[in-house]
Amino acid sequence: MIRSTTLAAMLLGLLSPAPASAQLTGARELTTVGPVKGAPASKPAPDIYYLAGETGAKETFTLTVKGPASLTLFSPDGHEMVSATGNGKVTLTAYLNLTDVFTLAVSRVNPAQAYTLSRQSRLPTLAEASGFSNIGYTIKGPNGDFAQCWITPGVKYRTATKSRITENTLAADRETITVVARENGKTWSYDYKMTLAGNTMKRTVHRPDGQIKEGTADFHRTALGDGRVREFTGYLCAD
Amino acid sequence: MRICSVLFGAVILGAASQAHAELSGWCFGTAKDQSTFVTPVISLPPRSAEDDFTEWLEAKTGKSIGIAYCYGYDSRAEAETEHAASLQHMYGSGVNVTLVSGYSAPGLGGSQPASSSRPISPSVSTRPKASNATRSKSGGSGGYLTVESNTDLIDARKKWEQAVLQSQRDDAAARAKQIADAARDRADMQVKLDKLFEAMRKRGSAQ
């Protein structure tokens, strides 16, 4: 006979969420420390890796395997961001849009083939960390939606509200962003740079007429993408 | 209809004759130059996923092979029948797979029309594999497999490969959020995320 306390403990165990480690079964962490080796498998199932990534970081994943294969990066909320397919050596480059946990899937046509997978991560500049935040998402706000997507990943991205569309291009210094904005039939442009003093982020705008305008914002997690209502609408712009 | 058969048979059969080994199967496939081949083999290893024996046949022949499928039948006709069924399963209706009887012509490294070839008649003794005993026939000439065109086969193969990879990507997508959520809940990953944020703040301040 089962004692009532034992039964209660069993019920509590059933009601409690499963340990995180159990839910991670089959997934391995991918770090930048050396390549990992994937073992041959008997079934054509993907291998899944997870990684802690930083907003604005340029991530490069390299898969070496015999036969056709693909690498696919998923956002922290499970949306496919970008994928690369090849034969022999597959390289996938992505610019992260959140500081969060991402997942990467390795798919092989021939699961009997072993493989190696490596990860390289480039530290973002402040312009990249702030500018690349949430690219791929549409932010839902009280003043309307704010959509962001890549035109040329790592270089040019588009931001759009209901009335204004801007195209933002990162200069070779990776610090200066050139903005071309269109609204109500008008087009204008400017450059800006970001700096950080303590927890205050300063945005210095250089206008074509020589005027300089500065604005500030708090630098905290919200500024880097957390805590806002967002919907994944595509890493790459549709058009 | 173009018929293209590149054979490695002479190499395998030669080895088989010297070793007095038993013929244990047939392999079909595509060479790196996209020509197709068929060859008898000995000592066929256990079946692998998707009947892919590419690496094994490469090691056996020393040839560079695109893809090879092998079947444990002494009878070539039966091996071809299974291969045809396997191809239809893999490629669907995207490619016209045809079995033609009266095959012949081992021409190592090249291709010949069927009419100019001689039947393969292995000089080695044959013995049905235990698992296929009830289906095996004696070895020798039988049908050979070809397709309407190599382009059809290549296109169909690419489509099949894309479908296999897409299927795995879909599977991964279904698990991605759950895995990311579970990983984020782990203390070690939370520490890593905090460190990334703090490092970003320090770097930003240093600029």
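The model is predicted.

A:Ala197 has A:Thr200 in β14(A) as its bridge partner. Two residues stand between the strands, which form a hairpin. Select A:Gly198 in that turn; its phi is positive, about 65°.

**The β12-β13 turn.** A:Glu183 is paired with A:Lys186 of β13(A) as its bridge partner. This is again a hairpin with two residues between the strands, and the turn residue A:Asn184 has a positive phi of about 50°.

**Chain A as a whole.** Colour by accessibility: 45% of the 239 residues of chain A count as buried. The accessible surface of chain A is about 11600 Å², with 56% of that area belonging to carbon and sulfur atoms. Among contacts in chain A with a separation of 6 or more, 53% are between residues 24 or more positions apart.

**Disulfides.** Select the cysteine sulfurs next. How many disulfides does the structure hold over all chains? There are two.

In chain A, the disulfide is between A:Cys149 and A:Cys237, with an S to S distance of 2.0 Å. A:Cys149 sits in strand β9 (residues 144-152) and A:Cys237 in the segment after β16 (230-232), so the bond ties together parts of chain A that are 88 residues apart in sequence. The torsion about the S-S bond is about 95°, so this disulfide is right-handed. Are A:Cys149 and A:Cys237 buried or exposed? Both are buried.

Move to chain B and select B:Cys27 and B:Cys70, which form a disulfide with sulfur atoms 1.8 Å apart. B:Cys27 belongs to strand β1 (residues 23-31) and B:Cys70 to strand β3 (residues 65-71) of chain B; the pair links distant parts of the chain, 43 residues apart. With a torsion of about 105° about the S-S bond, the disulfide of B:Cys27 and B:Cys70 is right-handed. B:Cys27 counts as buried because its relative accessibility is 0%, and B:Cys70 because its value is 1%.

**Helix α2 of chain B.** Finish with residues 54-61 of chain B, helix α2, where B:Thr54, B:Leu57, B:Glu58 and B:Thr61 are buried. These residues lie on the same side of α2(B) because they cover an arc of only 105° around the axis. Just after the helix, select B:Gly62, which takes a positive phi of about 75°.

Note on methods. Residues are numbered from 1 along each chain as its sequence is written. Chains are lettered from A and ligands numbered from 1 in the order in which they are written. This is a predicted model: local features need pLDDT of at least 70, side-chain atom pairs count only at pLDDT 80 or more; totals for chains, interfaces and linings use all residues. Side-chain values use heavy atoms; hydrogens and water are left out. Two strands pair if DSSP finds at least two bridges between them. Helices (H or I, at least four residues) and strands (E, at least two) are DSSP runs, numbered from the N terminus. Buried means under 20% relative accessible area, exposed over 50%, partly exposed in between (1.4 Å probe, protein chains only). The arc is that of the directions from the helix axis to the C-beta atoms. Contact means heavy atoms within 4.5 Å. Accessible areas come from the Shrake-Rupley method with a 1.4 Å probe; for residues, only the protein chains shown count as cover. A disulfide is a pair of cysteine sulfur atoms within 2.5 Å.
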